[in-house]
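Visitor: I am new to this structure and would like to learn how to read it. Could you walk me through it?

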Amino acid sequence: MSILETIDLSKTYGEGEIRVRALEGVSLCIEAGEFVAVMGPSGSGKSTLLNILGCLDRPSAGRYLLESVDVSEMDRAKLAGIRNERIGFVFQSYNLLPRTSSLKNVVAPLLYSRNHRRTKEEKLAIARQALETVGLADRLEHQPQQLSGGEQQRVAIARALVTDPAFILADEPTGNLDSRTGQEILDLLAGLHRQGRTILIITHSEEIAALTDRTIRLRDGRVERIVRNRSKVVTAAVEQVRNGFR
Amino acid sequence: MDFAEFLHLAWESLVSNRLRALLTMLGIIIGVASVIVMIGVSAGTEAAIEERITGLGSNLLFVQSGFVRFGPGGRTGEFTAPVGQAAGGLVYDDAFAIAEQVDGVVAVAVEQSSVQTVEVGSVSLDSVSIVGSTADYPSVRDMAVENGRYFTQQEVDRKQKVAVLGQSLAQELFGDADPIGQTVNVGGTKLRVIGIFEERGLVSGVDFDSQLYTPISVVFQKFTPSLFARIIGDRVRMIYVEVESPESVESAIQQIGLLLAKRHAVSLEEADFSITTQQDIIETQEATTAAFRNLLAWVAGVSLIVGGIGIMNIMLVSVTERTREIGIRQAIGAAPTDIRWQFLTEAVVLSLAGGVIGVLVGVAGSWIFGAVSDLRTVILGSSILLAFGSAAAVGIFFGFYPANRAALLEPIQALRHE
């Protein structure tokens, strides 16, 4: 089943002479459980595609089906609900709420949920569970400024997971991290993928793209090509052998 | 997100910026405190006026010689004799004419006062107020005799030398002994004590308990200097008219006016007397308090508005500072409504916290105000509610624009904000 599908997606900014076509006729389909990378030089429309796929922005033309629901015409409040329940964001700059503990950061999406079946205690329990999943069970009450970059990104991943979204949208998740910590975050994402999560990762790095099932390359607002990474299975196996099945 | 969460968020935000929050609240604090003091003072004054109404006796009309003006500072009015009308003014018989010819009149009393030295045995009191009056006086002034009796109209007509004592005067002159039947020496005239009034207390600044009451004819005859007596004759300063009900007040005023104008052979426009009701007196006093109240209401209103603008200002700053936070919240699923509620709650919590401090300051202020000035102040539960209500209203009104601005931020722009 396809998690998300775009049909002839376009986005233009401005009017008349200063009109900019950021996306032109992008059609994509991402299946449940896929790990997909989106690559492209700056100005290729990557951010615009990310914003539309993340329901942070609406396309000018075309359709965007998220779990077979057309979200391209939804109003802001409905889009907020979709973001809340179906999409988990991981940003380059972590984007945690300042002066707010890890636990409160992670529980926040559940508090914004329009689904009122859970009590606050249940929501906190789910948030704790998510923090445990990313290995931060001992950092529940720490505020972002007391955490390292890697830890902050883990909190962000826990926050993305907590609502059990349709897919995780990771925008350069290792861009602000040193290579070792970056690798840890990638391992974490790869682990989530193995558990069946659908992950969409926007990246500049060929190495990261090589870890995924498919790479979508954008250029000038169009899909240049889509590459299936056959080497991935082999690479992953080699990695695991090298790491001694950690 | 539920309301408790918004409250929690608002509280955390304010606590993390204590000084700023406090400074922002100042306008609200001043506004709310002045609302409390304002209402405290006017309610206190109203209570005082009400006490005075009951003190005056009910349904009472005051017919006075000349004109009566009520100045801003005047409590009982300023008496001015009509210039060039030495022959005018009320006379003793006017009272009886009113009693006989005006419908709805229950009682009429005349008052003419003097000040004399009063002696009993070795006790001598200077400057005792002697009230010369007629038989209906206790009724119109709402006074009751405790011991003995008041004098009758017959005794007034016959110039009987009798006296009724105020409670504290009797105490001072006779101590614990029974004064009834005793004789008091008033300015050289011996009066027989026939009654003692019940305690009445201070009404409109007059201590009814320290006065001596005697027939007005005795005052005319004995206690008015002879030279003066010849000029003023049987002229009286004041006639009290008690009517049967508040509804008959209007018609009584008209009838009395026509009757006295006819008796004095003057037109109503150039009358040498004036008729006032308790209502007139109360209205004058209320006008005074109203002026004061209006002033404070303006102060309160202006500082609530200034306070509100302060809140709006700080909320706008806060929205700008927290644009990125708003973006993050939007990304994880906060709808425009959620963002609006968050900032609106913060503005209202800010103004309500100002309201709480303002109420405390206002209550303390009213108390101090009442202690250092003549004005009585009353703290009303309703004024505290009103103060809270206006603080909340200010918070909602001035918090709405910033909150709405936050709600309408575009998620992608807010997220990109540094």
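This is a predicted model: local features need pLDDT of at least 70, side-chain atom pairs count only at pLDDT 80 or more; totals for chains, interfaces and linings use all residues.

Visitor: How many residues does the contact take from chain A and from chain B?

Guide: Chain A brings 19 residues to the contact and chain B brings 17 residues. On the side of chain A that touches chain B, two elements give two or more residues each: helix 2 (76-86) and helix 3 (102-111) of chain A. Helix 2 of chain A gives the most there, with six residues.

Visitor: Which classes of residue make up the side of chain A that touches chain B?

Guide: That side has 10 nonpolar, four polar and five charged residues.

Visitor: Which residues have the most contacts inside the largest nonpolar core?

Guide: They are A:Ala158 and A:Leu200, in a core of 119 residues. Helix 2 (residues 18-56) of chain B gives the most to this core, with 13 residues. Apart from this core lies another, of 55 residues, including B:Val110 and B:Val184.

Visitor: What is A:Leu200 in contact with, leaving aside its neighbours within four places in sequence?

Guide: Its partners include A:Ile30, A:Val36, A:Leu53 and A:Phe167.

Visitor: And how should I read a sheet?

Guide: Strands of a sheet pair through backbone hydrogen bonds, either parallel or antiparallel. Here, chain A has an open sheet of four strands in the order 2-1-4-5, with antiparallel pairing. Strand 2 (20-31) and strand 5 (69-70) of chain A are the edge strands, each pairing on one side only.

Visitor: How many bridges join strand 4 of chain A to strand 5 of chain A?

Guide: Two bridges join these antiparallel strands. Look also for A:Leu65, which stands opposite A:Asp70 in strand 5 of chain A.

Conventions:
Residues are numbered from 1 along each chain as its sequence is written. Chains are lettered from A and ligands numbered from 1 in the order in which they are written. Two residues are in contact if their C-beta atoms, placed from the backbone, lie within 7 Å. Ala, Val, Leu, Ile, Met, Phe, Trp, Tyr, Cys and Pro count as nonpolar, Asp, Glu, Lys and Arg as charged, and the others, Gly among them, as polar. A nonpolar core is a set of buried Ala, Val, Leu, Ile, Met, Phe, Trp, Tyr and Cys residues joined through C-beta atoms within 7 Å. A residue is buried if 20 or more other C-beta atoms lie within 10 Å of its own, exposed if 12 or fewer, and partly exposed in between; C-beta atoms are placed from the backbone. Two strands pair if DSSP finds at least two bridges between them.
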